[in-house]
Amino acid sequence: MKKILVINAGSSSLKYQLYDMTDESVLAKGRVERIGMDASIVVHEPKNREDLRYVEEILDHTTAVRVVLQKLTDPEYGVIQSIDEIDAVGHRIVHGGEKLTQSMLVDDNVKQEIRSLFDLAPLHNPAHLMGITAIENNLPNVPQTVVFDTAFHSTMPPMCYMYPIPKVLYRKHKVRRYGFHGTSHQYVSEQAAKFLNKPLESLKIITCHIGNGASVTAIKDGKSFDTSMGMTPLEGLMMGTRSGDIDPAIVPYAMAKEELTVNEVNSMLNKHSGLMAISGLSSDMREITESMDTDPNAKLAFDMFEYRLRKYIGSYAAALNGVDVIVFTAGIGENSVVLRKAVCENLTYLGVKLDEQRNAERVSKDRRISADDSKVEVLVIPTNEELMIARDTYRLLEGIQQ
Ligand code: ADP
């Protein structure tokens, strides 16, 4: 059992990576975008070969998977001879709710449970189920597994996951904090322990996954203790287009004053807030940092983004009663030298001492950016959620083959 296909299905997109688990190398990766729209875009990037990029009409996920399998076995662009070489398929699933708290093989019960969470993750879980069905239609005999963004956070204690609101909402409608990006937080915390050559369980770690979506997690004993995203990925940090934490009273107030519907207020907070709203320029951190010396709105957006992140790090240092390691990851965390500098310069009270030269280095590998005499280790660790999904799938499949 060696070749594993990892699928991340969105409502109109499907990303894939084919792993050879003998050395955990990526044989090919790519994506199909704009599924169901007039011109779908197919991008296929085989290892050591030229990339393929073209436009084709792809109406549904089943067709998208068929196209992906064609590319993987194509005489010119392919990396395997036959689809029979694919031993298993692992899916990224955003919401596992309270029951699906670890990676597992797909069966009818699992699919039903994913379906029962559609209300909690309306943008994600229906698309993931389409991805599972599309694989069933194309590879009916290949085992499938599911790996949940929420699973790592299932260790949060009630003190951290309950909201101080009437309990009936929890009992009847599952209103509680779940947390997201769990696969990433788990991966970088494990890598951090390996990098430092220390047992994971011995470290108090704060992991900052800062991409378009952003969340911070407080980890102790190797487990998630608290995390900034809540019932949905809207809570917590300010993000590219999401507000993060705001006074909840703003919601009914804005709805009344601006005569907004539920959908409109949802869209306002998810798609038209964050960096985008404050800068009036972009949701992209590169554009914000490029403009902030001349554009006061971009500067305010950056300052708010940094300040809100720093406050979460401070509160999680309090939650953990100290911190040994701070990890930055994802698009902004891995690449934004200025953001990391601004955050770390204000964490000296914790014993953080940044090494500016190390911070400014532009290399994509696990590395230390704190000074040798910093009391807290500050690391940059490129995230790799697909590899975690491939590893979990491999482990589960080895289990049933024994
Ligand atoms: P997603 O949540 O969509 O997976 P990513 O993790 O890819 O997002 O992060 C996207 C963010 O990373 C964007 O805001 C982008 O501006 C930012 N980013 C990427 N490269 C850089 C860079 N060199 N400097 C600053 N920000 C960057």
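The crossing of helices H2 and H3 is left-handed, as seen in a structure that is a predicted model. Helix H2 covers residues 108-116, and its axis and that of H3 come within 9 Å and cross at roughly 155°. Because angles over 145 degrees count as roughly antiparallel, H2 and H3 are therefore described as roughly antiparallel to each other. On the H2 side the contact involves Lys111, Ile114 and Arg115, which meet Asn125, Leu129, Ile132 and Glu136 in H3. Divided by class, the residues of this contact of H2 with H3 comprise 3 nonpolar, 1 polar and 3 charged.

Helix H3, which spans residues 125-138, also packs with helix H1, formed by residues 61-73, and the two axes come within 8 Å and cross at roughly 55°. H1 and H3 are therefore oblique to each other, and the crossing of H1 and H3 is right-handed. The residues of H1 that make the contact are His61, Thr62, Val65, Arg66 and Leu69, while H3 contributes Met130, Ala134, Ile135, Asn137 and Asn138. In terms of residue class, the contact of H1 with H3 contains 5 nonpolar, 4 polar and 1 charged residues.

A further helix pair is formed by H11, comprising residues 296-319, and H13, comprising residues 337-345, which pack at an angle of about 50° with their axes 9 Å apart. That angle makes H11 oblique to H13, and H11 passes H13 in a right-handed crossing. From H11, the residues Phe302, Phe305, Glu306, Leu309, Arg310 and Ile313 meet Val338, Leu339, Ala342 and Val343 in H13. The contact of H11 with H13 divides into 8 nonpolar and 2 charged residues, with no polar residues.

Technical notes: Residues are numbered from 1 along each chain as its sequence is written. This is a predicted model: local features need pLDDT of at least 70, side-chain atom pairs count only at pLDDT 80 or more; totals for chains, interfaces and linings use all residues. Side-chain values use heavy atoms; hydrogens and water are left out. Axes are lines fitted to C-alpha atoms, for helices over the stretch in contact, and angles run from 0 to 180 degrees between N-to-C directions. Helices (H or I, at least four residues) and strands (E, at least two) are DSSP runs, numbered from the N terminus. Angles under 35 degrees count as roughly parallel, over 145 as roughly antiparallel, 65 to 115 as roughly perpendicular and the rest as oblique. A crossing is left-handed if the near helix is turned anticlockwise from the far one by less than a right angle, and right-handed if clockwise. Contact means heavy atoms within 4.5 Å. Ala, Val, Leu, Ile, Met, Phe, Trp, Tyr, Cys and Pro count as nonpolar, Asp, Glu, Lys and Arg as charged, and the others, Gly among them, as polar.
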